[in-house]
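Biologist: Thanks for sitting down with me. Could you take me through how the labels on this model were reached?

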Amino acid sequence: MGREAEYFSKDFDWEKLKQEVESNPSLSYHFQPFDSIPPSLPTPSQDSQAWNQFHIRHSTGRFFKERRYLFKEFPELLSCDEYSKVLEVGCGNGSTALPILRGRDNITIYACDCSNKALERANKMIEVGNVGSVAHRFHLFHCDFSTNGFPKWLACDSCQGNFLQKKHDQFPDTEENKDTNLNNSSSLGERKCCTGGVDFVLWIFMLSAVPLHRMPSAIRECFSVLKPGGLLLFRDYGNGLKKRRCR
């Protein structure tokens, strides 16, 4: 695990990249504020329909490849505690969930997408994926988190408030806080009204599909259901398709 983690933490020099971007006039648009929503942007319903059409065109599944590299990309998924909970946002046809379910038989995955066709494909892929009975640890649901947020059964208002307080308490530099296990289910309190939040949020080639003016609220929404000490793991289009981590 250590070798993968060390390799991917040194994809490139962030300061050098920052200087290159700031000194290149052709990239100056990255620093322009977005004060209003351009009128040409599609509505959320149009987004969902476009993704439905996309998955209809690629209904054979040949367009997607099972992402078997995930445990090397994100060794945290391989070494995490038993019964950890993962939220995959924008699950597509299930090519991310399948190798995780196959590689870890005690992880629960909650997977959402704004496309009903994608959810149908994901359900089918898991059914034929030869991973045994996963009905109790693979849960699909329809959601456009960038506009409507996540359902309260994932993390109720009470849990979200608890997460926010514990994340705030995590930063004071005291020995008491350093020694506290913030991921301990007994300290967080599993709620009967919801799942109690998740230990990981996965964005695999998803964030780039979110309209730029919706990105800030989308990111906040993901952190609102993430347990204290949890990880947001993402990979997207960028500098050499490098993977990024955010805690």
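Modeller: Let me begin with axes, which are lines fitted to C-alpha atoms, for helices over the stretch in contact, with angles running from 0 to 180 degrees between N-to-C directions. Helices (H or I, at least four residues) and strands (E, at least two) are DSSP runs numbered from the N terminus. This is a predicted model, in which local features need pLDDT of at least 70 and side-chain atom pairs count only at pLDDT 80 or more, while totals for chains, interfaces and linings use all residues. Residues are numbered from 1 along each chain as its sequence is written, and side-chain values use heavy atoms, with hydrogens and water left out.

Biologist: Why are helix 3 and helix 7 called oblique to each other?

Modeller: Helix 3 (residues 44–57) and helix 7 (residues 116–127) pack at about 40 degrees, their axes 7 Å apart. Angles under 35 degrees count as roughly parallel, over 145 as roughly antiparallel, 65 to 115 as roughly perpendicular and the rest as oblique, so this pair is oblique. Asn-52, His-55 and Ile-56 of helix 3 meet Asn-116, Lys-117 and Ala-118 of helix 7, where contact means heavy atoms within 4.5 Å.

Biologist: What makes Phe-145 and Phe-150 a stacked pair?

Modeller: Rings of Phe, Tyr and Trp (its six-membered ring) pair if their centres lie within 6.5 Å; planes under 30 degrees apart count as stacked, over 60 as edge-to-face and the rest as tilted. Phe-145 and Phe-150 are 5.5 Å centre to centre with 15 degrees between the planes, hence stacked.

Biologist: And why is the pair of Tyr-110 and Trp-153 called tilted?

Modeller: Their centres are 6.0 Å apart and their planes 50 degrees apart, so they pair and fall into the tilted class. Tyr-110 is in strand 2 and Trp-153 in the loop between helix 8 (145–148) and helix 9, 43 residues apart.

Biologist: How do you know whether Tyr-110 and Trp-153 are buried or partly exposed?

Modeller: Buried means under 20% relative accessible area, exposed over 50%, partly exposed in between (1.4 Å probe, protein chains only). Tyr-110, at 9%, is therefore buried, whereas Trp-153, at 35%, is partly exposed.

Biologist: What makes Arg-235 sit over the ring of Tyr-69?

Modeller: The rule asks for NZ of Lys or CZ of Arg within 6 Å of the ring centre and within 35 degrees of the ring normal. The charged end of Arg-235 is 5.5 Å from the centre of the Tyr-69 ring and counts as sitting over that ring.
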